[in-house]
Amino acid sequence: MLQITNLHASVADKPILKGLNLTINAGEVHAIMGPNGAGKSTTGYVLGGRPGYEVTEGSATFNGQDLFALDPHERAASGLFLGFQYPVEIPGVSNLQFLREALNSQRKFHDLPPLSGGEFLKLAKEKAGLLKMDMDMLKRPVNVGFSGGEKKRAEMVQMGILDPKLAILDETDSGLDIDALRICGEGINAIMRKPDKAVLLITHYQRLLDYVKPDFVHVLAGGRIVKSGGPELALALEEGGYEGVAA
Amino acid sequence: MITLPTRKAEEWRYADLGALETLWPLPDAESVTVAAGGEFARAIVNKGGVVRLSLTLEAGAKAAVHVLNTADTYARIEIEATLHEGADFHLGGVQLSSGDQTAEIVTTVRHIEPNATSHQMIRSVAGGTSTASVLGKVYVAKGADGTDGSQSVRAMLLDRTAQANARPELEIYADDVKCAHGCAIGELDANGLFYLAARGIEPARAKALMLQAFIAEAFDGAAEKDNLTAAAQAALEALL
Ligand SMILES: Nc1ncnc2c1ncn2[C@@H]1O[C@H](COP(=O)(O)OP(=O)(O)OP(=O)(O)O)[C@@H](O)[C@H]1O
Ligand SMILES: [Mg+2]
């Protein structure tokens, strides 16, 4: 589904990613862990196409397409979902308006007719219910005044509605309380644990991985994957830290 | 015949004098007096040229004026309001400019007696090499105590080559007066635009969404809010 080869990328002319290789197949869940500043969020932003994140070398293929040849909105419409470490506030635009606009833009990209207001609302209710989010929250402006955990949960509702092929979730677990962590973990499984989908979890802790069990765990340090393994690697990291395990 | 104004006059400083010449001489302002205790509402959609409105609000009268200012070349809306005791004046305005257009809203509010209120909220969006200006003069006469006047002027620049001017001018001769004014000129939030793109919304649509949100509050309370919003939306989409 996603093949990243020798990816080098800079932010403000500063090289951050330095030869990253990663292959994710349909049906798999991968987790990336790594020290602060290693380049984990940068990886997500580069794949999502955030302006200012410049690819200097290497390639990324997403379902057979050259990912970097697509604009950010085309990447999303092609099935890439980027869950933000810090979801952005959009004052004056309600979640429902935003999501209907997003879903219908993606449908238009695939030459599908837009969903009617009624059809969309039904879908939004279903996905909000899955994540146990009050519909009233979705009437409020996007992320404005949401608590840290509410923002993360709202992003999972977005993911449910947009139904992507690949979700890159950047510290979705941070800010979630104990119950919310379980609800979001189960939500990710319900939405993404399918043979034709894949997930890349970026996280610092085992706790999310208890719910969304990874097939592969990678350690990203200094802009590259320095170690890969199975789920046991996350546990070993929790025990021994990066210095002990990935050095 | 009165001669054409020059840029030396503050209220004409940002005008498109070339375009003005073709419109000269300007028609007199439409003059409206709202009787004591009466109410007046007006929505103005200017698609070019100079629109002038002069209001006199007698004691306790209320007026709500909402304007949308757009043009191919030059659009100017001038509003004067003279407020007697306890009168209330509200102006909500949106102006949109692109290319090398010039859009301006020029207001003069005179609080000539005590306890009148005036609230003005104007949102400008300027792209290309266009200029969007707001000049708002508030005059409070001696003895017009208890005056409460506010001006909120914000502009969004879509291109670094566009220009927005916001000039509040206060002339206050009374003691017990509350006059607040806030001006801000900014650009669309790049993080917000990327967030919308990351969910599949194309760039022009993302900008339109954020700009609609930006201008929306200027039409709050307008009887013709839906019409004005729809007209502004259409003008916005044409501009992006
Ligand atoms: N605009 C910028 N200018 C200079 N350096 C930047 C800029 N943006 C990010 N960086 C740097 O890039 C590096 C990688 O940042 P990134 O956000 O990818 O780290 P991370 O692995 O996600 O860390 P964390 O675990 O703290 O979230 C950091 O050292 C950061 O300071
Ligand atoms: Mg990060």
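Q: In this predicted model, is Q85(A) buried or exposed, and how is that read?
A: A residue counts as buried when its relative accessible area is under 20%, and because Q85(A) has 16% relative accessibility, Q85(A) is buried.

Q: Does S41(A) count as buried or exposed, and at what relative accessibility?
A: By the cut-off of under 20%, S41(A) is buried as well, since its relative accessibility is 17%.

Q: Which protein donors does the magnesium ion (ligand 2) have?
A: Donors are N, O and S atoms within 2.8 Å of the metal, and water is not among the atoms, so a site may look incomplete. Here the protein donors of the magnesium ion are the OG atom of S41(A) and the OE1 atom of Q85(A), which lie 2.0 to 2.2 Å from it. The pair ties together parts that are 44 residues apart in sequence, because S41(A) belongs to helix α1 of chain A while Q85(A) sits in the loop between β6 (80-83) and β7 (90-94) of that chain.

Q: Which residues surround ligand 1?
A: The shell around ligand 1 holds 15 residues, and the closest are G37(A), K40(A), S41(A), T42(A) and H204(A).

Q: Where do oxygen atoms of ligand 1 lie relative to polar atoms of G37(A), G39(A) and T42(A)?
A: A backbone N or O atom of G37(A) is 2.9 Å from a ligand oxygen, a polar backbone atom of G39(A) is 3.0 Å from one, and a polar side-chain atom of T42(A) is 2.5 Å from one. Taken alone, ligand 1 exposes 640 Å², of which the protein buries 65%.

Note on methods
Residues numbered from 1 in each chain as written. Chains lettered and ligands numbered in written order. Predicted model: local features only at pLDDT ≥ 70, side-chain atom pairs only at ≥ 80, totals over all residues. Heavy atoms only, no water. Near = heavy atom within 4 Å. Polar contact = N/O pair within 3.5 Å; in protein donor to acceptor, adjacent residues only side chain to side chain. Areas by Shrake-Rupley, 256 points an atom, 1.4 Å probe, with all protein chains shown as cover. Donors = N, O, S within 2.8 Å, 3.2 Å for Na, K, Ca; no water. Helix = DSSP H or I, 4+ residues; strand = E, 2+ residues; numbered from the N terminus. Buried < 20%, exposed > 50% of the residue type's maximum accessible area, 1.4 Å probe, protein only.
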